[in-house]
Amino acid sequence: MELSENSTTSIVDLHKYNTEELSDYYDRWSESYDNDLEKFGYVAPRVAAELLSKQEIDRAMPVLDAGCGTGLTGLQLQRCGFDRITGVDISPASLEKARQKGCYRDLKQQNLNEPLDFAADQFAAAQCVGTLTHVENIAELMREFCRVVRPQGVVLFTQRTDLHDDRFKSVIDDVSAAGLWTRMLRTGPGAYLPGHEDFSDEKKVIYEIYRVN
């Protein structure tokens with residue numbers, strides 16, 4: 001998300017934020033985050049969870065929610081039958097809000113620009129919803145997802161249409177060319193923040209699903 005914590009209309013360029021600034025930004029926004037996104041009609045957590053639930057995933061295995069924020073994504077995963085959810089996020093305050101929702105087995109602070117603090121083949125699936133905007137080395141993160149998700153597991157992520165450009169697609173395709181995963185789904189553009197005047201029809205979201213080899 002690129003929304004000011006004090007405004008329902010302004011957009012800030014979070015690409016310019018360092019790790020500490022980004023964490024502080026979401027810490028300050030965490031109090032109103034859920035209410036703000038409800039006003040904007042944010043549907044990505046629900047859509048992502050429903051897409052993930054249609055894949056062949058052992059519900060008894062853990063699922064990683066990368067960039068879980070305040071837990072909106074975890075709640076939707078839980079509603080779709082996933083109950084061994086691990087959430088990671090850069091913002092401690094957001095993680096506390098996620099903890100209060102009671103849908104996670106484990107929560108920890110994690111900078112997604114660094115190697116994931118998990119053993120190989122630990123998860124049946126990993127999802128990353130509304131978060132790739134803040135990741136500098138997307139290729140490395142995707143390789144990390146392939147490492148921590150067991151073979152035949154699933155990786156699901158979203159990317160905004162304005163950032164889903166040739167460079168982004170090339171990075172994702174390179175992971176496929178390396179034989180790490182196989183693409184199962186790439187949707188067309190869908191609603192992202194339909195109730196926000198600066199997003200609405202301007203910026204939409206694409207969902208992608210890959211099966212780890």
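Trainee: Is F168 buried or exposed?

Mentor: F168 has 4% relative accessibility, so F168 counts as buried; buried means under 20% relative accessible area, exposed over 50%, and partly exposed in between, with a 1.4 Å probe and protein chains only. The model is predicted, so local features need pLDDT of at least 70 and side-chain atom pairs pLDDT 80 or more, while totals for chains, interfaces and linings use all residues. Residues are numbered from 1 along each chain as its sequence is written, and side-chain values use heavy atoms, leaving out hydrogens and water.

Trainee: How is a pair of aromatic rings described?

Mentor: By the distance of the centres and the angle of the planes. Rings of Phe, Tyr and Trp (its six-membered ring) pair if their centres lie within 6.5 Å; planes under 30 degrees apart are stacked, over 60 edge-to-face, and the rest tilted. F157 and F168 are edge-to-face, at 6.2 Å centre to centre and 75° between the planes. F157 lies in strand 5 and F168 in helix 6, so this pair ties together parts 11 residues apart in sequence. Helices (H or I, at least four residues) and strands (E, at least two) are DSSP runs, numbered from the N terminus.

Trainee: Which kind of pair do the rings of F157 and W181 form?

Mentor: Their planes are at 25° and their centres 6.2 Å apart, so the pair is stacked. W181 belongs to strand 6 (residues 181-186), 24 residues from F157. F157 is buried at 0% relative accessibility, and W181 is buried at 1%.

Trainee: Which residues form one aromatic cluster?

Mentor: F157, F168, W181 and Y210. The structure holds 6 aromatic pairs.
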